[in-house]
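This briefing covers strand pairing, nonpolar cores and salt bridges. Please have the sequence and the model open while reading.

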Amino acid sequence: MEEELKQRVEQIERDLNELKAVGGIQLKAPVSTETSKTVTDLIKDNILDIVWNDYFYYSSTFESIDRYYTTGLGAANTVNADGLFLQTTAVLGNIADSALYVTSDKTISSDRVARFRTVARVDVVANQNTGILTLSSAGGYVGFKFIGSTIKGVCQDGTTEQTFDIGTAVNDTYVKLELQYFPGQKVEFYVNEIFKGALSRNLPSLYTDTNMIMFAASIEATTASAHELTVEYFEFLQRRK
């Protein structure tokens, strides 16, 4: 997206130069406030066109989860004042989960650059496993896991999963998680807006499907105790096909 913005700005500059050549317009420094405002508006309009025409963007604060799939095995899969709320039962191995599928043909896929961002917290980080994934399909997935208090960046190619440690979770404390996905190359991970590293092996296969998961969250009790996961929001951005 950054490269496209640069190309659009360069095109605007070429257009302005053509106007100067044809109409005898001289834009010498300092440029007038009105001219500067016009150029700024042109750039803003072009940025808006790029986002609207070339990118699919979705965000949710979980006003409703009617379209979200769940196995229904946990104690709670609902929405409260804080966002999506998942709770396990006090049974070893119990899982509470929620997932949003996108069924339109190739609306999202793992063969195009994507961005994903979310804010989440776990009530008690010990003795639980949490996953927050995106671009999930038979071809793999990318995302984050909380294994106890350790936050991990993850990617999977449909068979083998790669992980590495990117942070530490604290009881009942929100953390901002972001990834930037480059198909066939790497996935970069950020925690609280700080770059933590990248994975370049076992990336999702360049897979297009009509049943991709844009967002999936789950929490599993690894002892006989109940655990809670709250997701405040998530955002997803990807170039259109």
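In strand 13, Ile 219 is the bridge partner of Thr 130. Strands are DSSP runs of E with at least two residues, numbered from the N terminus, and two strands pair if DSSP finds at least two bridges between them. This is a predicted model, in which local features need pLDDT of at least 70 and side-chain atom pairs count only at pLDDT 80 or more, while totals for chains, interfaces and linings use all residues. Residues are numbered from 1 along each chain as its sequence is written, and side-chain values use heavy atoms, with hydrogens and water left out.

**Strand pairing**

- Strand 6 (residues 128-137) pairs with strand 13 (residues 212-221) in the antiparallel sense, over 7 bridges.
- Both strands belong to an open sheet of 6 strands, ordered 4-13-6-7-8-9 with antiparallel pairing.
- At the edges of this sheet are strand 4 (95-102) and strand 9 (161-168), each of which pairs on one side only.
- On average, neighbouring strands of this sheet are turned by 15 degrees against each other, direction ignored; the axes behind this angle are lines fitted to C-alpha atoms, and angles run from 0 to 180 degrees between N-to-C directions.
- Strand 11 (residues 186-191) and strand 12 (residues 194-199) are also antiparallel partners, with 5 bridges.
- These two strands form a hairpin with 2 residues between them, and Asn 192 in the turn has a positive phi of about 50 degrees.

**Nonpolar cores**

- A nonpolar core is a set of buried Ala, Val, Leu, Ile, Met, Phe, Trp, Tyr and Cys residues joined through side-chain atoms within 4.5 Å; buried means under 20% relative accessible area, exposed over 50%, and partly exposed in between, with a 1.4 Å probe and protein chains only.
- The largest nonpolar core has 43 residues, of which Val 187, Phe 215, Val 231, Phe 234 and Phe 236 touch the most other members.
- Strand 13 gives the most to this core, with 5 residues.
- Apart from it lies another core, of 6 residues, including Leu 133, Val 154, Ile 213 and Ala 216.
- Beyond its neighbours within four places in sequence, Phe 234 is in contact with several residues, among them Tyr 58, Phe 62, Leu 100, Phe 116, Met 214 and Phe 215; contact means heavy atoms within 4.5 Å.

**Salt bridges**

- The whole structure contains 9 salt bridges, each defined as a side-chain nitrogen of Lys or Arg within 4 Å of a carboxyl oxygen of Asp or Glu.
- Asp 82 and Arg 121 form one of them, at 3.3 Å from N to O.
- This pair links distant parts of the chain, 39 residues apart: Asp 82 is in the loop between strand 2 (76-80) and strand 3 (83-87), and Arg 121 is in strand 5 (residues 114-122).
- Asp 82 counts as partly exposed at 34% relative accessibility, whereas Arg 121 is buried at 18%.
- Glu 193 and Lys 176 meet at 2.9 Å, N to O.
- Here too the pair links distant parts of the chain, 17 residues apart, with Glu 193 in the loop between strand 11 and strand 12 and Lys 176 in strand 10 (residues 175-182).
- Glu 193 is exposed at 58% relative accessibility, while Lys 176 is partly exposed at 24%.
- Lys 186 and Glu 188 form a salt bridge at 2.8 Å, N to O.
- Lys 186 is partly exposed at 30%, and Glu 188 is buried at 11%.

Conventions: Helix = DSSP H or I, 4+ residues; strand = E, 2+ residues; numbered from the N terminus.
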